[in-house]
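The sequence and structure are shown first.

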Amino acid sequence: IVSGYYISSSACIALGLTEKMAGIEAKAASRPIYKLAAPGLMDLPNVGTAKEFDLEGCIALEPDLVILPLKLKDSAETMTKMGIPTILVNPESHELLVEAIELISRAAGAEAAADKLIAYYNTEMAEIDQLTGELSEDARPLVYMSGNSSYLTTSPRDMYQSSLISAAGGKNAAGEIEGASWTEVSYEQLLAMDPQVIVIPAEAAYEKEDILKDPQLTGLAAVKAGAVYKMPDAFEAWDSPVPSGILGSKWLLSVLHEDLYPFSDFQADVKAFYGEFYGAEIDEALVTK
């Protein structure tokens with residue numbers, strides 16, 4: 001198997017396919033979960049990125065199966081014509097992630113592992129819905145999800161991160177903004193939103209102290225209350241639809257409604273998840289907010 005996409009590579013780990021992998025996307029060493037769960041992946045040949053895919057290098061590995069993101073459709077068509085089985089995945093939502101896991105598992109003969117992982121998703125999503133289902137509108141805090149490059153970018157209503165906020169019992173402060181990708185906002189727009197909570201993704205290029213110390217943001221409700229939180233960066237980007245993405249909803253649920261779901265319970269659930277599906281021993285102290 002050659003995986004040219006970090007989400008499909010993570011899925012291969014969860015599905016128990018790492019011993020079958022012969023190539024991987026570039027920058028694998030920057031993925032903490034690989035070091036924890038499958039360090040051998042970092043020694044595999046890399047086939048580049050979605051922007052600079054190494055088609056010839058991938059073909060030279062003589063793969064039985066290639067998994068690529070949808071944006072590499074042209075490369076997939078080339079390899080398919082050469083007789084190399086290639087599948088495309090586009091896991092830009094929880095539902096599409098499940099479809100991708102099912103597709104990979106059928107192609108690689110890992111259906112039992114996929115069934116187990118998806119059953120976990122279904123059980124946990126049902127429990128989250130049960131915990132947040134009776135929250136009143138007033139009990140759902142206004143949450144601003146900032147982007148990776150700058151806290152003056154945010155998640156509009158059609159982005160995956162917006163669904164994470166809703167699932168966790170919050171309201172997206174940028175819910176009136178159309179779009180499905182990180183969107184720039186001005187200080188004036190952010191001040192007008194006046195979020196009660198600010199969430200920083202794990203791979204952000206800045207820290208929460210940068211927001212708390214920004215003199216132009218001192219009037220924000222979230223800053224006044226110190227309610228600025230950063231997702232843990234010791235594992236994966238839980239704000240994106242990786243196989244462990246459901247932990248992003250659970251993390252945010254505990255941040256927003258710790259009375260419903262204590263953070264210590266979440267830390268234990270992270271440890272159990274990675275132990276069960278990734279065979280990794282997780283230090284609960286790294287599960288932070």
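This is a predicted model: local features need pLDDT of at least 70, side-chain atom pairs count only at pLDDT 80 or more; totals for chains, interfaces and linings use all residues.

## Surface and basis of the model

Residues are numbered from 1 along each chain as its sequence is written, and side-chain values use heavy atoms, with hydrogens and water left out.

## Overall fold

The protein chain contains 12 helices and 10 strands, taken as DSSP runs (H or I of at least four residues for helices, E of at least two for strands) numbered from the N terminus. Its radius of gyration is 20 Å, close to the 19 Å given by the globule rule for 289 residues, so the chain is as compact as a globular protein of that length. The radius is taken over C-alpha atoms, and the rule is 2.2 Å times the number of residues to the power 0.38. Along its principal axes, the C-alpha trace spans about 60 × 35 × 30 Å.

Of the 289 residues, 52% count as buried (under 20% relative accessible area; exposed is over 50%, partly exposed in between, with a 1.4 Å probe and protein chains only).

## Nonpolar cores

The largest nonpolar core has 66 residues, of which Trp251 and Tyr274 touch the most other members. Such a core is a set of buried Ala, Val, Leu, Ile, Met, Phe, Trp, Tyr and Cys residues joined through side-chain atoms within 4.5 Å. Helix α11 (residues 246–256) gives the largest share of this core, seven residues. Another core, of 19 residues, lies apart from it and includes Tyr144 and Ile211.

## Selected residues

Glutamate 236 is located in the loop between β10 (228–230) and α11, and it counts as buried because its relative accessibility is 9%. Its C-alpha atom is separated by 6.7 Å from that of proline 32, 204 residues apart along the chain. Leaving out residues up to four places away in sequence, glutamate 236 touches several residues, including Ser10, Ala202 and Tyr274 (contact means heavy atoms within 4.5 Å).

Lysine 27, although not a glycine, has a positive phi of about 65 degrees; at 64% relative accessibility it counts as exposed. Aspartate 194, also not a glycine, has a positive phi of about 45 degrees and counts as partly exposed at 33%.
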